[in-house]
Amino acid sequence: MSSIRASFNCELDWIQIMMEKADSAQKLYTRMRLWEFPDQYVIEPTDGSCGSSLSVSRVDGSMKLIDELPQSSSIRVPKIRTIFGVIGLLKLLAGCYLIVITDCDCVGSYLGHPIFRISSLKVFPCDRSVDSSSVEQKKMEAEFSGLLNVAEKTSGLFFSYDTNLTLSTQRLHALGDESRLLPLWRQAEPRFLWNNYLLEVLIDNKLDPYLLPVIQGSFQNFQAAIGKDIVDVTLIARRCTRRTGTRLWRRGADSDGYVANFVESEQIIQLNGFTASFVQIRGSIPLLWEQIVDLTYKPKFELVKLEESPRVADRHFLDLRKKYGAVLVIDLVNTHGGEGYLSEKFANAMEQVTGDDVRYLHFDFHQICGHVHFERLSILYEQISDFLDKNGYMLVNEKGEKMKEQLGVVRTNCIDCLDRTNVTQSMIARKILESQLRRLGIFGAEETISSHPNLDDSFKIIWANHGDDISTQYSGTPALKGDFVRYGQRTIQGVLKDGWNALMRYYLNNFVDGTKQDSIDLLQGHYIVSVSRDMTPTTQKGGLEAIASFPLALSLVMAGFFFAALSLRQARYDIRHLFFSILWAGLSIAIAGFVRANGRIFCNRPRLHKPRS
């Protein structure tokens, strides 16, 4: 077994050789020490590199390289902490804010290179110039900087010091020699570079050794024995930043065709020197539509500018064809109710888009599979197997020669592109993995993953974790229907967990996600703070909005019913208490009805409305 593992560890020599030329050019500092001096932060490389330290002014965030650390007073010794990378710098009204990685965990390897998950971010203010600002400006600065506390809790961030996580294996293999010599941030796919906007100041200052590309998504990896062979399976999710956000505050597409919750999922296997890669994508229905949060469990679907639907869909799929080739669209939404109306408009828009390289297929997941019969997805597979056979996957041999190329992509969507989508994508990925193992001579003609319990269990786990990660970033909770992906069947525990997660989604979407959306928009540069735009407080409200509070309304309703119950108990002694009981109950019902009718103003809504210009 040890000889097999030794052979396995050497099987990706072709990729390592391919990137050796780039090592010196794209060398990143892997460990640093951050010094907190009174007037500046100093980031000192401590990984054995002989590069200069980076000084960041605490007054205005200006940066420069220095060769020696500043002298410190014996009275005021600077704080020192270890950091593992610089995320970037964010400019607000008067101050700047340095964001760094204070802790990370190694979660596996990608094509032979260690991959790290960020477990802790820290924001360091460079806002001494705020002291000379106006009172109004100070108030606004405090509001915006408060959103960075939310940013520190961002989940699902991954990076590598050595390889480009933003590119699929196929695109990485296709890089030319000149591109491989570029720093990692210059090789990166901007769509999937989570800190793209935050790196701009560092890029302007030509600080390449500090420019660490970060993606948001998921990274899962396992090894399993199949007889005498060891197969290594990696699953990566890359979240697009163009229209990123939270579940009910980012729906559909924008006018440029970029859609909410767009995620590229890549499944990679490495076996006996061969590397195979298969990419799938998911994304919101590419029309201009939204759901306005109003305290209802499922807000009404609202189509905006219906006449623009064909143009927006066309732009979306034009972009997909350029990046992935042929596209098979699998629409999993219901045929009835609000989902049915949305699906109908999607199908109508697709009539003008479909052709030789774009195919649209509707599959009503809930009607066909219900809530437990997910094995009926085999019906869907029979309808798409020809596309998968024709467009295939990428395959590279032990010499680094490309034997097969993926020529098209499956694009799956439901409403959220979470639960139904993840079940469907895991089914497709399972079929592709079986096909790859047959091609490599590991599986017989009728052999399946299910006949290898260790492989089967590990495969289910990584796809369940994959779905949970993507769902948590978009909705705030793990994926629903995850028990089927994880165990191959629905369970009582899974159904109960789905109920709890559904309630949590309701709470988060209505009372938390508005602030989270503001934080995301700031970090991604979708909202640029400026003095001329932001001198009017974003939280300034008038009339009812100034006092609207869901916790207050809920407290009044509960108090009303409590006093109604007390009065009702006393009614047998004094008939007047019956009147008071009716009065309290009526007041509670009136408040509840008012909250329901005016639900939108009681929700936690985003306050940053203007997009990046």
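Me: Which residue in S20 does Ile281 stand opposite?
Reply: In this predicted model, the residue facing Ile281 is Arg411 in S20.

Me: What makes S13 and strand S20 a pair?
Reply: Two strands count as paired if there are at least two bridges between them. S13 and S20 (residues 408–413) have three bridges, in the parallel sense, so they qualify as a pair.

Me: How do you know that S13 and strand S18 also pair?
Reply: The cut-off is again at least two bridges. S13 and S18 (residues 394–396) have three, so they count as a pair, this time in the antiparallel sense. One example to look for is Ser277, whose bridge partner in S18 is Met394.

Me: Why is strand S13 called largely enclosed?
Reply: A residue is buried when its relative accessible area is under 20%. Eight of the nine residues of S13 (residues 274–282) are buried, so the rest of the structure largely encloses this strand. For the protein as a whole, buried residues make up 54% of the 613 residues.

Me: What joins strand S12 to S13?
Reply: Nine bridges do, and S12 (residues 263–271) runs antiparallel to S13. With at least two bridges needed, they count as a pair.

Me: What makes strand S4 and strand S5 edge strands?
Reply: The open sheet here has five strands in the order S4-S3-S2-S1-S5, with antiparallel pairing. S4 (63–66) and S5 (79–83) each pair on one side only. Neighbouring strands of this sheet are turned by 25° against each other on average, direction ignored.

Me: How many bridges hold strand S3 and S4 in their pairing?
Reply: Four, in the antiparallel sense, with S3 covering residues 53–57. Ser53, for instance, has Ile66 as its bridge partner in S4.

Me: Why should residues 1–12 be read with care?
Reply: On a confidence scale from 0 to 100, pLDDT stays under 50 over residues 1–12. Residues 537–548 are also below 50. Where pLDDT is low, the predicted coordinates should not be read in detail. Across the protein, the mean pLDDT is 86, and 83% of residues reach 70 or more.

How values were computed: Residues numbered from 1 in each chain as written. Predicted model: local features only at pLDDT ≥ 70, side-chain atom pairs only at ≥ 80, totals over all residues. Heavy atoms only, no water. Axes fitted to C-alpha atoms, helices over the stretch in contact; angles between N-to-C directions. pLDDT = per-residue confidence, 0-100. Contact = heavy atoms within 4.5 Å. Buried < 20%, exposed > 50% of the residue type's maximum accessible area, 1.4 Å probe, protein only.
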